[in-house]
Structures are given as structure tokens and as C-alpha cells.
Amino acid sequence: MNDLPSFPTEGAGLTSLVDLLDRVVARGAVVNGDVIITLAGVDLIRLDLRLLLAAVDEIAQ
């Protein structure tokens, strides 16, 4: 009996992830987010997050 887990051959799952990231970087993506930490209704910490993910040649055009 073989109780070892089966792993994808030749990185089958990894290939689709790489293809997805390649498409996102080729087209570009912007992610915005806000994090606010409050205590008793008073804002203590506020973080505004902005992330730009794009290939350098796409930005230069």
C-alpha cells in the first residue's frame, strides 16, 4: 500500500499560476485598500494602500 501523497507531474498546477501572473503583469493591475484601526469610535491608525502591478515596458508606453 502506498500512503504517499500524489503530486502533480511536471508542475501542472504551477504552470497555470505562472500563466495567470504573466497575463496580469502584461495587462497591468491596480489594487487599492484601506485599513482603519479604531478604538471606542476613534480612528487610531489609518493605512491607505495602493499597489501597481505591471511590466516595465507597459508603464513606459
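Where in the protein is confidence lowest, and where is it highest? Okay, let's start there. Confidence here is pLDDT, the predictor's own score for each residue, from 0 to 100. The score is lowest in α2, with a mean of 62, and highest in β1, at 89. Over the whole protein the mean pLDDT is 76, and 69% of the residues reach 70 or more.

Quick housekeeping. This is a predicted model, so local features need pLDDT of at least 70 and side-chain atom pairs count only at pLDDT 80 or more, while totals for chains, interfaces and linings use all residues. Residues are numbered from 1 along each chain as its sequence is written, and side-chain values use heavy atoms, with hydrogens and water left out.

Now the layout. We have two helices and two strands, and along the sequence they run α-β-β-α. Helices (H or I, at least four residues) and strands (E, at least two) are DSSP runs, numbered from the N terminus.

Let's look at the strands. β1 and β2 pair in the antiparallel sense, over 11 bridges; strands count as paired if DSSP finds at least two bridges between them. One of those links joins T38 to its bridge partner D43 in β2. Together the two strands make a hairpin with two residues between them. Have a look at A40, in the loop between β1 and β2. A40 has a positive phi of about 55°, although it is not a glycine. Is A40 buried or exposed? It's exposed, at 79% relative accessible area. For these words, buried means under 20% relative accessible area, exposed means over 50%, and partly exposed is in between, with a 1.4 Å probe and protein chains only.

Speaking of buried: of the 61 residues, 2% count as buried. A55 is buried, because its relative accessibility is 18%. A55 sits in the loop between β2 and α2. A55 and R27 are 28 residues apart in sequence, yet their C-alpha atoms are 8.0 Å apart in space.

On to the surface. The protein exposes about 5,800 Å², and carbon and sulfur atoms supply 61% of that. These areas come from the Shrake-Rupley method with a 1.4 Å probe, and for residues only the protein chains shown count as cover. There's a nonpolar patch too, made by V35, I37, L39, V42, L44, I45, L47 and L49, with about 720 Å² of accessible area together. Patch residues have over 30% relative accessible area and no salt bridge; like charges are joined within 9 Å, and nonpolar side chains (Val, Leu, Ile, Met, Phe, Trp, Tyr) within 5 Å. Which strand gives the most? That's β2, with five residues. V35 is in β1 and is partly exposed, at 36%.

Last stop: charges. Side chains of opposite charge can pair when their charged atoms come close. How many salt bridges does a search of the whole structure find? One. The term means a side-chain nitrogen of Lys or Arg within 4 Å of a carboxyl oxygen of Asp or Glu. Here the partners are D48 and R46, with the closest N and O atoms 3.1 Å apart. D48 is partly exposed, at 42% relative accessible area, while R46 counts as exposed, at 54%.
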